[in-house]
Amino acid sequence: MSDKQVQLVDQVLAARERRQPVRIVGGDTKAFMGRSTDSALPVLDLSGHTGILTYHPVELVLTARAGTTLAELDAALSEHNQMLSFEPPRFGKNSTLGGTLACHLSGPGRPWWGSVRDQVLGVRLINGQGEALRFGGQVMKNVAGYDVSRLQAGAMGTLGVMTEISLKVLPRPASTRTLVFDCEMDEAVSIMNRRSVEAKPLSAACWLDNKLYLRLSGAHSAVDATLSHWGGSELMDAEHFWHRLRDHQLDFFCTSLPLWRFSVNPTARMPGLSGQWLVDWGGAQRWYLGNAELSEMERIAVEAGGQVSLFRGGDRSAEVMHTPPQAVKALQQRLKHAFDPDGLFNPGRLYSWM
Amino acid sequence: MSDRQDVHPGVSREVLAQKFRAFIDPEYVISDDETLKPYECDGLSVYSEMPMLVVLPETVEQAQQVLRICHEERVPVVARGAGTGLCAGAMPHREGVVLSMAKFNRILEINPVARAARVQPGVRNLAISEAAGKYGLYYGPDPSSQIACTIGGNVAENSGGVHCLKYGLTVHNLLSVDLLTVEGERITLGSEGLDSCGMDLLALMTGSEGLLGIVTEVRVKLLPKPEVAQVVMAGFDSVQTAGDAVGAIIAEGIIPGGLEMMDSHAIVAAEAFAKAGYPTEAKALLLCEVDGTEEEVHEHIDAVESLFKRLGATSVRTSHNEEERARLWQGRKSAFPAVGRISPDYYCMDGTIPRGQLAHVLTEMERMSEACGLRVANVFHAGDGNLHPLILFDANVPGELEKTEDFGGRILELCVAVGGCITGEHGVGVEKIRQMPAQFNDLDIAQFHRIKAAFDPAGTLNPGKGIPTLRQCQEYRSLEMSIEPNSGAENQLHREGGHE
């Protein structure tokens, strides 16, 4: 546990003084994400800014410094049988809370338990003028002022240096069991959607290699009853499977091929491309492995009601995020300017033009 | 950065009305005082202002054209849904146009498989759940005005309801919104998928009180209706014990669908009004609703009942059918009108606190209540810490409204002091702009202004609402410093009392 707030503000002020952009780095486990940027840029290191500041299990609220590792949060939460309900991926043992929010990363339970952005209640952030600001709070409901905390989700640090984050946490379900079925992708997608309409304790739905996985979480009696009602065979060591999916450790992800992430209508039928698919989030997130042009992938994503990004691999000097329409691009640029007028934070990381 | 809140257009009412009537049904361009009158306020009626014009476009193109003209002429635009808001967020601007979205009242699509509905902004909150009902689905957030309030207004205020702890606020239940920018440009934020690339503009827009754009279409998530819901009512002989019981439920790993608390004043008023069978001798009452599958509800209801008994509840009753459930809720749902019966006027506050601070906050509030001689009844979304103190007053007694406003302001400041905030779900609007500096410092506020300027550099969208000027902040702080603690009567919080 250590507080680097003062140094971080000084570093931002110094960077501003010199008009010297910086790279914001926490645990450095997500360097593969976003666009590749100038590696010569000085690093603004958050990894030493750590520690859980408050955690009141009965309030379901936790506040930690942004450089706190997910591992440390996991340890504290599990003592009280609670969890980060958005199941953030651990791409390495040093993955931090700040990086998770900046990259807007959530795991298999996301459609049912919400995303990291959903659970954020407040942030402290240093803007491009070196001002330490505070938005949101440590309570579940707060509609005073603009929601700057959630705006940070997906901004990849381009709006400021998050130094402290407050989150809603949830109890761990009493029971979790997983069913597995043999079926093809299109059939799996339609089963996932059908099951999602039922008021049953579904908490994850994924398909890969001609197998559909449905996870049930909740009260023992509810999970057991649904399990026998839905049939299928039970997956043993299921927790391991879901963790490997969450952390991209499954064989599917262990490749040098470009990995594309589609966020789409959960019922969408994706075209038969030459590469491989993995379906997660009950159909709302599709992973695709294969060489392709961003523009072609964007066309497919739009057809499916959503967006695409080049998540890992491929050409990272080009754009990797779905191209926003001109008006939305202009708004993002103006917002960037509103927070970071000198363009100090992570230039080019999110978009070439930001 | 713009720090001004007022805009003075150079165009006259008649000229502007003429321009609008060129492309909008003249009947829907309102310029006479008599017809303008109903638009002078929202649900917080003590704040009122007559607008220059009210316009009710019927198509997005018309709304777009209204915005373009207003942008060109620097005319303030105040968007309005059903006008049920409780913070004067939809109060008109004297020299501005009220852009009523009332004609946008169609449900465009319900996709039961993808569990989503695409609706126009003037669709009522409850109408979405009614339309989705035949597929066994519903829309989660249920503000108590849900029978009348519109989804566009819900987006503007990030509305909550009694089921927030489990099902989230509006921001958690949106997929996308279509908007018009101040220039009249159409944009979409979000998609049919769950998460979008880049900074989360959809979240920023939600709860922005009509200051950043005008919502023209909303895509919401629909949830499967729970198989069963049951409610346990429990009376307690102290607020502290009831508060502990709430914590104990959470510690048990149970997230109730609804978890409401009422204090003794609210219990007595509600029971007299609704005859719900509440224990009128109790100091605090909890209503804990558990929903889910049959098995889960059965398991959790047992746990909640025995937990309440173990913690010393003075009475415990559980609903065993829909009729009993509705009856137990009836008292809570009619708490506001019930309080309205025991007092000529009441003023509903909306602060949020960490739940653990409840007993302290209620004790403090009781002390302030005695000091200023105004009664206060409390209903509390206990699950998520959202407090609704109802201050009872009589607007016909000279000075009593001012006293009420002062008391209300002090309550909000108390909420901030214990780690909470000045508004959980009603919004800032005009009403709480005075207390914003209690929650945010000038640097935070200045950042809010820069955000506003990124969307609306001239400041014509809903001016004077939501974010105070830095000058207002300075006035607040100098006043706070010059006032002795507890000399409430001199403290001029410029705020409002409301009746229903």
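1. Polar contacts between the chains come to 32 residue pairs across the interface of chain B and chain A, both residues at pLDDT 80 or more. A polar contact here is a pair of N or O atoms within 3.5 Å; within protein, one must be able to donate a hydrogen and the other to accept it, and residues adjacent in sequence count only if both atoms are side-chain atoms.

2. Before going on, a word on the source: this is a predicted model, where local features need pLDDT of at least 70, side-chain atom pairs count only at pLDDT 80 or more, and totals for chains, interfaces and linings use all residues. Residues are numbered from 1 along each chain as its sequence is written, chains are lettered from A and ligands numbered from 1 in the order in which they are written, and side-chain values use heavy atoms, with hydrogens and water left out.

3. The rule also finds six salt bridges across the interface of chain B and chain A (a side-chain nitrogen of Lys or Arg within 4 Å of a carboxyl oxygen of Asp or Glu). R110(A) and D195(B) form a salt bridge through their side chains, at 2.7 Å from N to O.

4. As for extent, 84 residues of chain B and 76 residues of chain A are in contact, meaning heavy atoms within 4.5 Å. About 6,500 Å² is buried between chain B and chain A, with 59% from carbon and sulfur atoms; buried area is the accessible area (1.4 Å probe) that two parts lose on being put together, summed over both. On the chain B side, D195(B), C197(B) and M199(B) lose the most area to chain A, together 13% of what that side buries.

5. Domain 2 of chain B and domain 4 of chain B bury about 1,200 Å² between them, and carbon and sulfur atoms give 62% of that. V182(B), E209(B) and L211(B) supply 47% of the area that domain 2 of chain B buries against domain 4 of chain B, more than any other three residues. Across this interface the rule finds zero salt bridges, but five residue pairs in polar contact, both at pLDDT 80 or more.
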